[in-house]
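Hi,

Here is the structure I promised to pass on. Notes on what turned up follow below it.

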Amino acid sequence: MSEQALLAELGALYDDVDALYLGASCDRSTECCRFGITGREPQVTSLELALVARALRQRGGQPGPKQRALPLAGDSSLAHRGPARATAAREGACPLLLKSGRCAVYEARPLGCRTFFCQRAQLAHPVDRHDLRDAVRRLQELAVRHAPGGDRPRALSRALDT
């Protein structure tokens with residue numbers, strides 16, 4: 001099966017996951033994109049990386065290596081971490097986070113970025129864990145068909161550095 005066909009299946013899977021989270025909202029603090037703050041980072045498959053790479057090519061390349069991310073305005077939880085204008089490296093900002101506070105590839109963002117793992121997110125209704133596990137299983141099956149070991153999880157920031 002061609003990569004294009006697999007990416008189409010991935011798009012359908014993402015549509016299903018987005019439907020699970022329909023009505024969810026966040027305050028766009030970008031906290032979830034600052035892995036050093038949350039202590040969590042999305043793990044991606046080879047197929048998800050292929051989709052991100054395609055989205056980056058379509059927008060003209062990388063968003064800019066290790067660019068400075070925006071501070072979290074008024075976030076007192078960062079007081080013990082130093083100045084509010086901490087560097088992207090210290091914050092562990094996602095390499096896809098633009099200075100504007102937006103994701104460079106939002107429509108192509110990986111599954112882990114679609115599941116609102118941030119504590120600030122407001123879900124319209126609880127998401128059934130079985131549905132989410134099914135989505136992860138489907139993603140792994142697609143990734144195995146994409147490349148040998150494609151389902152092996154990779155930290156997003158490290159995967160984008162390679």
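Where pLDDT is low, the predicted coordinates should not be read in detail. The mean pLDDT of the chain is 83, and 82% of its residues reach 70 or more.

Ground rules: this is a predicted model, where local features need pLDDT of at least 70, side-chain atom pairs count only at pLDDT 80 or more, and totals for chains, interfaces and linings use all residues. Residues are numbered from 1 along each chain as its sequence is written, and side-chain values use heavy atoms, with hydrogens and water left out.

Now helix H3, residues 46–58. Helices are DSSP runs of H or I, at least four residues, and strands are runs of E, at least two, numbered from the N terminus. H3 has 13 residues and reaches 18 Å from first C-alpha to last. That is close to the 18 Å expected at 1.5 Å a residue (1.5 Å times one less than the number of residues). Its buried residues (under 20% relative accessible area, 1.4 Å probe, protein chains only) include Leu-47, Leu-51 and Ala-55. Their cover includes H1, H6 and strand E1 (43–44). Gly-60 follows H3, with a positive phi near 100°.

Regards

How values were computed. Buried < 20%, exposed > 50% of the residue type's maximum accessible area, 1.4 Å probe, protein only. Contact = heavy atoms within 4.5 Å. pLDDT = per-residue confidence, 0-100.
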